[in-house]
Amino acid sequence: MTVTSAVITLFLLMDPLGNAPIFLSVLGKLENRKRRLAILRELSFALIILMVFLFFGKVILTSLGISTPALSVAGGVVLFLVALRMIFPGRHGGIAGNSDDADPWLVPLAIPLVAGPSSMAFVMLLATQEPGRMTDWLTAVLVAWLIGGAIIFAADFGRRWLKDKGLNLMERLMGMILVVVAVQMLMNGMAQYMATLKDTVP
């Protein structure tokens, strides 16, 4: 995987166009300055979490006894479910829905909206499959995070002129692309597993 493809995949997984309205809704009761500081704080939390999974993902996998093919298949399944949610969005309820707290910390904005299970699994997969390219993966995470954060900030500054239909259209388009990425991850994981079986058969 190239750095560009990693950036695009992470950007799709972070789903800033889909998350921007939720950020504005959850933090809508705050005044402008406090709301923007809260957005920056939650984005920073998400970046820290992704970095932890990027640099310590291999340790986490080893301690849990999880193989790379299993992670690839699991990541593909999660990606596929996320993509379906983007293509066929329902009401944002439950963990990503309305909160009684006007300024919630960490949950649900940083986790699971920006740093969700799919993005965590993806950065772990990058680090475990090609650990010699950690500089590339660090760059990919930072670039995807910066682009996603810029979109959420732009949505906050231009919330009066944003059209929900435009955001929904873009989210569905990203969902279609993410379906293809998910299927490819599933195929890669199955291929790796089959290759492992062939190596173990005498």
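Visitor: Is the crossing of H2 and H7 left-handed or right-handed?
Guide: This is a predicted model, in which local features need pLDDT of at least 70 and side-chain atom pairs count only at pLDDT 80 or more, while totals for chains, interfaces and linings use all residues. Residues are numbered from 1 along each chain as its sequence is written, and side-chain values use heavy atoms, without hydrogens and water. A crossing is left-handed if the near helix is turned anticlockwise from the far one by less than a right angle, and right-handed if clockwise. For H2 and H7 the crossing is right-handed.

Visitor: How are H2 and H7 oriented to each other?
Guide: Helices are DSSP runs of H or I with at least four residues, numbered from the N terminus. H2 (residues 16-26) packs on H7 at about 45°, with the axes 9 Å apart; axes are lines fitted to C-alpha atoms over the stretch in contact, and angles run from 0 to 180 degrees between N-to-C directions. Angles under 35 degrees count as roughly parallel, over 145 as roughly antiparallel, 65 to 115 as roughly perpendicular and the rest as oblique. H2 and H7 are therefore oblique.

Visitor: Which residues of H7 meet H2?
Guide: Contact means heavy atoms within 4.5 Å. From H2, the contact takes Pro16, Leu17, Ala20, Phe23 and Leu24; their partners in H7 are Gly148, Ile151, Ile152, Ala155 and Asp156.

Visitor: How are H1 and H6 oriented to each other?
Guide: H1 (residues 3-14) and H6 (residues 117-129) pack at about 160°, with their axes 9 Å apart. Their crossing is left-handed. The two helices are therefore roughly antiparallel.

Visitor: What is the angle between H3 and H6?
Guide: H3 covers residues 32-64, and its crossing with H6 is right-handed. The axes of H3 and H6 lie 8 Å apart, at an angle of about 55°.

Visitor: In which helix is confidence highest?
Guide: pLDDT is the predictor's confidence in each residue, from 0 to 100, and its mean over the protein is 80. Over residues 92-99 pLDDT stays under 50. Among the helices, H8 (residues 164-200) has the lowest mean, 75, while the highest, 92, belongs to H7.
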